[in-house]
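Hi,

Here is the structure I promised to pass on to you. Have a look at it first, and then read on for what turned up.

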Amino acid sequence: MAIDIKEIIKPENIVYKKSSLLTDNVMHYCPGCTHGVVNRLVAEVIEEMGIQEETIGVTPVGCAVLLYNYIDIDWQEAAHGRAPALGTAIKRLRPDRYVFTYQGDGDLAAIGTAETIHACNRGEKIVMIFINNGIYGMTGGQMAPTTLEGMKTATSPFGRDASHDGLPIKITEIVATLPGTSYVTRQAAHTANSVRKLKKALKKAFLNQKEGKGTSFIEVVSTCSSGWKLNPVDSNKWMEDNMFPYFPLGDIKDE
Amino acid sequence: MKGNEAIAEAAIRCGVDGYFGYPITPQSEVMETLMDNKPWETTGMVVLQAESEIASINMLYGGAGCGKKVMTSSSSPGISLMQEGLTYLAGAELPCLVVNVVRGGPGLGTIQPAQSDYFQAVKGGGHGDYKLIVLAPASVQEMSDFVELAFDLAFKYRNPAMILSDGMIGQMMEKVEMKPFKPRWTNEEIAEMHPWATTGKPASRERNIITSVELDPNAFERFNLKLQAKYKTIQENEVRCEMINCDDAEYLFVAYGSSARICQKAVDLLRAKGIKAGLLRPITLFPFPTKQIQSLAGNLKGILSVELSMGQMVEDVRLAVGQSVPVEHFGRVGGVIHSPEEVVEALEKKIIGG
């Protein structure tokens, strides 16, 4: 017996839908980009915790600069690298609000290194979400502080040379050494399982803030198909083979 | 009390929500006085020592974006580091107060007083077409009074304001009459008074976005025109200046801040000699008292712009009067402060004798 499609599309059969906090704006991210998945997870966590009215987000300069177009909460757009300074003041002046920053590797681990380290060292009661795809996506694929050794980019066309540029910075391990951080983890978002784990980590981070714990810091090892010049499937494979050995997934600190 | 201490005391009294700063001579007493007063125990004011001036100014952005009264203070090299943040604040139309207790430059320069940051304060300093509202106190009393005035203007126009002081006004001690305490705004008052602020999005309104980015050229041109219209309104409505012995003046000093104090004495010395000298003291540097200077020009034989710089404000004085009156500049720099006698001599040589 053939099943009529109308028999299937019923409210009681819905197993997944778009978060009500995600707007109808079309995302500007490239196909295969990790940002879209993480944006969605952030929206889901805020929705599920029922904290839309109490949350203020800070967007960076980089590919996520326009994130405020996608999640229906109050936002501030920071200067390049300065999101943790904004987050510090917002949380200090509005301790009744949930505050998070969302930054890329150039923003958080190069130009904003001082702001990152000192916000974490002061133990600012905020969530910091760190998208690490090893490249400057927005400006067209230049070398990032997290670009792997030998990786070709627009400004390292013959591959990153450690003797010239140093090795990629492990900022997540650095902030884990600071007493101000309470939860530091490195996750991914390229498989169903990794998405589930990342969402759990995000929820834990926001709950930590509710409990008044120190900074929660979540790195998401991500892909940049455009910058890496690989299709999305190959990007995921390349990330597993090359990024994960240098940036291993898992909790680094949980207090 | 010291000028720097007056800034701190006035901040607590006028209901400032947050101070974010980084130590630098000659203004470190501002944060020291605040920390000593522990206002977080009384008014609830947040006082935080940041890791840099760059962090401080971006903390102001975050706080101002929440509709809070936030301020910082620094001195010339630190203010240079804040220029990026100031253009973002201007671009996002956020109100805040930045106090610059100016020292001599360029570079690390000196910790002694100067007025060589006029261009940076008045003409923009950072990138893009924007202006700060700039107030120039000439006494410790004004250091105190201008804190509240600066916040009033900053919130009225949603624009960053600057108190452009100098090491002399910051460090000198005078009697001050403090204003009575005003309570800080409650979060409910802020949500009502500043509906643009990011206070957490209730179901009753659209989400608020504090940003300075606009990628549509036509929309961004419209935004720039809107900013310029705002600056024009400020220019028309908010000029403040003091005129001393200007009614019958044949020779005019234009000077602000500590130079105005010195010129006041120089006016007395010249009047004692029978020379009809006057002083126009701009209190707002943007908006500049262009019309007020023009209104005096008809009776004047010459104008001397006296500044602790190599000649910055003098350009705005020349723009005001054009070729109608001779305009010269006099000023000592590098932390050297001109005496009233030197100022008198400069007027006699450059204007009267010239």
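Let me begin where the two chains meet: E2(A) and E7(B) pair in parallel, with 2 bridges between them. Within that pairing, A:Trp75 has B:Ile209 of E7(B) as its bridge partner. Please keep in mind that this is a predicted model.

That pairing belongs to an open, mixed sheet of 8 strands, in the order E9(A)-E7(A)-E8(A)-E4(A)-E3(A)-E1(A)-E2(A)-E7(B). Its edges are strand E9 (250-254) of chain A and strand E7 (209-210) of chain B, each of which pairs on one side only. Further in, strands E3 (residues 98-104) and E4 (residues 127-132) of chain A are parallel and share 5 bridges; there A:Tyr102 sits opposite A:Ile129 of E4(A). Helix H8 (residues 192-210) of chain A lies across E3, E4, E7 (181-188) and E8 (215-221) of chain A, and runs at about 165° to E7(A).

Now for the contact between the chains, to which chain A gives 29 residues and chain B gives 31. On the chain A side, the elements that supply two or more residues are strand E1 (55-59), strand E2 (74-77), H3 and H5. H3(A) has the largest share, with 8 residues. By class, this side of chain A holds 13 nonpolar, 6 polar and 10 charged residues.

Helix H5 (residues 113-122) of chain A deserves a look of its own. Its buried residues are A:Glu115, A:Thr116, A:Ala119, A:Cys120 and A:Arg122. They line one face of the helix, because they fall within an arc of 165° when seen down the axis of H5(A). Among the elements covering them are helix H4 (105-111) and helix H7 (171-176) of chain A, as well as helix H3 (53-65) of chain B. Just after H5(A) comes A:Gly123, with a positive phi of about 70°.

A few backbone details are also worth checking. Most residues other than glycine have a negative phi, and most peptide bonds are trans. A:Lys229 has a positive phi, near 60°, and is found in the loop between helices H9 (225-228) and H10 (232-246) of chain A. With 12 other C-beta atoms within 10 Å, A:Lys229 is exposed. B:Arg158 also has a positive phi, near 45°, but is partly exposed, with 16 such atoms within 10 Å.

In chain B, the peptide bond between B:Gly105 and B:Pro106 is cis, with omega about 5°. Another cis bond runs from B:Phe286 to B:Pro287, where omega is near 0°.

Best wishes

Definitions and conventions
Residues are numbered from 1 along each chain as its sequence is written. Chains are lettered from A and ligands numbered from 1 in the order in which they are written. This is a predicted model: local features need pLDDT of at least 70, side-chain atom pairs count only at pLDDT 80 or more; totals for chains, interfaces and linings use all residues. Two strands pair if DSSP finds at least two bridges between them. Helices (H or I, at least four residues) and strands (E, at least two) are DSSP runs, numbered from the N terminus. Two residues are in contact if their C-beta atoms, placed from the backbone, lie within 7 Å. Axes are lines fitted to C-alpha atoms, for helices over the stretch in contact, and angles run from 0 to 180 degrees between N-to-C directions. A residue is buried if 20 or more other C-beta atoms lie within 10 Å of its own, exposed if 12 or fewer, and partly exposed in between; C-beta atoms are placed from the backbone. The arc is that of the directions from the helix axis to the C-beta atoms. Ala, Val, Leu, Ile, Met, Phe, Trp, Tyr, Cys and Pro count as nonpolar, Asp, Glu, Lys and Arg as charged, and the others, Gly among them, as polar.
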